[in-house]
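Me: I am learning to read protein models and would like to go through this one slowly, by question and answer. Could we look at it together?

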Amino acid sequence: MDLTELRGKFIAAVAGAPDEAALEEVRLSALGKKGEISALMATLGKMDPDARKAAGAALNVVKDEIDAALRAKKAGLADAALNERLKSEWLDVTLPGRPRPRGTIHPVSQVMEELTAIFADMGFSVAEGPQVESDWYNFDALNIPPEHPARQEHDTFFMHRDAEDPRPPHVLRTHTSPVQIRAMTEQGAPIRVIAPGRVYRMDMDQTHTPMFHQVEGLAIDRDISMANLKWTLEEFCRAFFEVDKVELRFRASHFPFTEPSAEVDIRYSNVGGQLRIGEGDKWMEILGSGMVHPKVLAAAGVDPNEWQGFAFGMGIDRIAMLKYGIPDLRAFFEGDLRWLRHYGFAALDMPDLPGGLSR
Ligand code: DAH
């Protein structure tokens, strides 16, 4: 028996073990019950006392050395495994956190989504028309002939044309009403549409901007009346302002494209800058409306002897200011990021009726 050789063999095997399983194999083959060192230990019993003493001591030294090598290797393998894991699960805690998206939805866009959801629920679909509009759609078809004072009242922006340009005169549309004509011409009657969008007038003060937003409403069928108009508007305001009690005031008015015509105000209070809908002694005009004039139906190819209905045009910016308590209209269009962060809406909150309009 060459103990030095045996020791060398096991120390080398320990050093070469690639993982803990291989190391356990080495341990068993040396120090396990059936291991070579253990087998040598078993032979000691048959020796005479002096030989046993010498051999036993030498064998114990080798056994302890192998045992120590096994432990050291085992600790080394565990360290290596841990390092490996740490490398793959590495996390840089010094990285800055991910910020919430900076952009917000503009209150006008939010309100357009809200009112579209409400009117869609009442069976209205969305119609569109161009912002650069021919003066026929913007005025003539709506029963506003060239010499009519309303043309001046609207403070129209006219598109420049050279004298010899054969195209009809165009304007920046002064209201969304021309979309009534376009929608009826395209779809005929019966029809139920809303048309939200931008409109333009030369006007600028605390409550007026040269560009603002309206939503047009149009419902034409065989027996639609002012009563249907009233119900529709009240129902809309209840849903939009998210209050049970809303009070509307219909004032007789005049528009060339409706007969009869009414302007509609909503009751509100202003307590220390806090606007409340449905209470108080203040009224804000939010829309014009009426029964569509027979001439307007005829201009759009709809037979006024067969069809009738209501139309309305509502100021979107106005109702946005009322609902969200925004004091100055001009700030809507200044693009001030601080204003947008304050009054804007989270990008993923799409308003819908079951989920709630404004969260
Ligand atoms: N077009 C009108 C305006 O801008 C608003 C309006 C009034 C629209 C009565 C309508 C209506 O559809 O019936 O002042």
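Me: In which loop does P190 lie?
Reply: In this predicted model, the peptide bond that leads from A189 to P190 is cis, with omega near -5°. To place P190, one looks at the helix α8 (178–187) and the strand β4 (191–200), and P190 is found in the loop between α8 and β4.

Me: Which strand holds P260?
Reply: A cis peptide bond also joins E259 and P260, and its omega is about -5°. Most peptide bonds are trans. The residues 258–271 form a strand that includes P260, and this strand is β7.

Me: What is the phi of N143, and where does N143 lie?
Reply: Most residues other than glycine have a negative phi. N143 is a residue other than glycine, yet its phi is positive. N143 lies in the loop between α6 (135–138) and α7 (149–153), and its phi is near 65°.

Me: What is the phi of E242?
Reply: E242 is found in the loop that runs between α9 (226–241) and β6 (248–255). Although E242 is not a glycine, its phi is positive, with a value of about 55°.

Me: Which strands each supply at least two residues of the shell around the ligand?
Reply: The ligand sits in the largest pocket, and 15 residues surround the ligand, the closest being H175, S177, R201, Q214 and E216. By class, this shell has 4 nonpolar, 9 polar and 2 charged residues. The strands that each supply at least two of the shell residues are β5 (211–221), β9 (282–292) and β10 (308–315).

Me: How much of the accessible area of the ligand does the protein cover?
Reply: A polar side-chain atom of E216 lies 2.6 Å from an oxygen atom of the ligand, while an N or O atom in the side chain of Q180 is 3.1 Å from a ligand oxygen. F312 takes part through its backbone, with an N or O atom 3.4 Å from an oxygen atom of the ligand. On its own the ligand has 350 Å² of accessible area, and the part of this that the protein covers is 92%.

Definitions and conventions
Residues numbered from 1 in each chain as written. Predicted model: local features only at pLDDT ≥ 70, side-chain atom pairs only at ≥ 80, totals over all residues. Heavy atoms only, no water. Near = heavy atom within 4 Å. Polar contact = N/O pair within 3.5 Å; in protein donor to acceptor, adjacent residues only side chain to side chain. Areas by Shrake-Rupley, 256 points an atom, 1.4 Å probe, with all protein chains shown as cover. 1 Å grid on protein atoms, 1.4 Å probe; cavity = no way out; pocket = protein on both sides within 12 Å on 5 of 7 lines; lining within 4 Å. Sits in = over half its atoms within 2 Å of the grid points. Helix = DSSP H or I, 4+ residues; strand = E, 2+ residues; numbered from the N terminus. Nonpolar A, V, L, I, M, F, W, Y, C, P; charged D, E, K, R; others polar.
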